Amino acid sequence: MWRLVPPKLGRLSRSLKLAALGSLLVLMVLHSPSLLASWQRNELTDRRFLQLNKCPACFGTSWCRRFLNGQVGFEAWGRLRLLDFLNVKNVYFAQYGEPREGGRRRVVLKRLGSQRELAQLDQSICKRATGRPRCDLLQAMPRTEFARLNGDVRLLTPEAVEGWSDLVHCPSQRLLDRLVRRYAETKDSGSFLLRNLKDSERMQLLLTLAFNPEPLVLQSFPSDEGWPFAKYLGACGRMVAVNYVGEELWSYFNAPWEKRVDLAWQLMEIAEQLTNNDFEFALYLLDVSFDNFAVGPRDGKVIIVDAENVLVADKRLIRQNKPENWDVWYESKFDDCDKEACLSFSKEILCARVTVDHNYYAVCQNLLSRHATWRGTSGGLLHDPPSEIAKDGRLEALLDECANPKKRYGRFQAAKELREYLAQLSNNVR
């Protein structure tokens, strides 16, 4: 099954043209009184801008006090609504500060979808509840499938949400208990029992799970416990706040060789951690591109900053149920498509095998090897190695075997050797 992942920001030339157009428009209206007013006003204190009025058809309310008290504010150009047409993904940079702490820190704000996707969500809710495309969402939500678990329902079960999103394409009860126990948009988190959540909180959880489960991935597999994801902070209405990590991986494409080797090693370590860990959850990255990772400016740590398309398979459940060929190693099929950041995979197979090489395949093909293409470039993160490494040929051979194996199960061995080789090159031997 093909999963084509289009470039999220478009090619560089297109971005530059759009930026130039946006700058021109800004200069044309810079002296407009309404524009100056919007520059001075903190719209993140506006309940309607946050779409808090749409709750429980929203993502949560845990950070509303911070937003409404003015502790969160857009950075620079983010204050200008005129430029929103350039911000297709609805991702903003902001500053947040606690009065007692002093100082401010950078955060990332996400609406978890484009304006079109959010409008389609509203229409879908209204049509299911009333048969009409417009309605009062507050009145409509209790009449949708998002309210099916309201009342005295004890658990969130696989039968209720299976297939709603990549996160729960094949959920186990163990995974769903983890999602509920770690749900951050309730004051009574810590219990896997749904009855401890208010009806409004249950509907918010289910809507997030169906629309864009990224917040639930960040909450269930938190950075504080060593998982390679951005830290979830909170939500208010349809605005989610996460910790700012750093510049996207793409900005390091032409970094010094030593830096790129270290980043490549970290990426392979992430692939290994998400595939094999003590919790026996396999987290498969279905959307892998240079824009979905960022690098910390101080520690240089690589972090996943877009976790919408993560499929979680419970290896314990697979071993217990023993579906057909469950213990046969699965090797992802290389296919050199003509699109940027595309991957070939079967969700059904990812859910039914214990030993799978998908994450190694995704990282090698889309980020590291000569097959990686992004924003009109090719060659991958490890392009143009020093002459002695290029002459040796080992790195190129391992990258090729990891992306497009010639031997049966060759990718498994190549990934292992590639991690070790990159560790040696970057002095990260542990």
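A residue counts as buried when its relative accessible area is under 20%, as exposed when it is over 50%, and as partly exposed in between (1.4 Å probe, protein chains only). By that criterion, 54% of the 430 residues of the chain are buried. The model is predicted: local features need pLDDT of at least 70, side-chain atom pairs count only at pLDDT 80 or more, and totals for chains, interfaces and linings use all residues. Residues are numbered from 1 along each chain as its sequence is written, and side-chain values use heavy atoms, with hydrogens and water left out.

**The chain as a whole**

- The chain contains 16 helices and 14 strands; helices (H or I, at least four residues) and strands (E, at least two) are DSSP runs, numbered from the N terminus.
- Contact means heavy atoms within 4.5 Å. Of the contacts between residues at least 6 apart in sequence, 70% join residues at least 24 apart.

**Helices α10 and α13**

- The axes of helix α10 (residues 257-275) and helix α13 (residues 358-368) come within 9 Å and cross at roughly 155°. Helix α10 is therefore roughly antiparallel to α13.
- Axes are lines fitted to C-alpha atoms, for helices over the stretch in contact, and angles run from 0 to 180 degrees between N-to-C directions. Angles under 35 degrees count as roughly parallel, over 145 as roughly antiparallel, 65 to 115 as roughly perpendicular and the rest as oblique.
- The crossing of these two helices, α10 and α13, is right-handed; this term applies if the near helix is turned clockwise from the far one by less than a right angle, and left-handed applies if anticlockwise.
- On the α10 side, the residues that meet α13 are Ala264, Leu267, Met268, Ala271, Glu272, Leu274 and Thr275. Their partners in α13 are Asn359, Tyr360, Val363, Cys364, Leu367 and Leu368.
- By class, this contact of α10 with α13 has 10 nonpolar, two polar and one charged residues. Ala, Val, Leu, Ile, Met, Phe, Trp, Tyr, Cys and Pro count as nonpolar, Asp, Glu, Lys and Arg as charged, and the others, Gly among them, as polar.

**Helix α15**

- Helix α15 (residues 394-403) is mostly covered, with seven of its 10 residues buried.
- The buried residues of α15 are Leu395, Leu398, Leu399, Asp400, Glu401, Cys402 and Ala403.
- Their cover includes α10, α13, α14 (387-392) and α16 (410-425).

**Glutamine 219**

- Glutamine 219 lies in helix α9 (residues 214-220) and is buried, with a relative accessible area of 8%.
- Apart from neighbours within four places in sequence, glutamine 219 is in contact with Arg182, Tyr183, Ala184 and Tyr232.
- Although glutamine 219 and alanine 184 are 35 residues apart along the chain, their C-alpha atoms are separated by 6.8 Å.

**Backbone details in loops**

- Cysteine 55 and proline 56 are joined by a cis peptide bond, with omega about 15°. Proline 56 is in the loop between α2 (33-40) and α3 (64-68).
- Asparagine 90, a residue other than glycine, has a positive phi near 60°. It occupies the loop between β2 (72-74) and β3 (91-96) and is buried, at 2% relative accessible area.
- Tyrosine 409, also not a glycine, has a positive phi of about 60°. Tyrosine 409 is in the loop between α15 and α16 and counts as partly exposed, at 24% relative accessibility.
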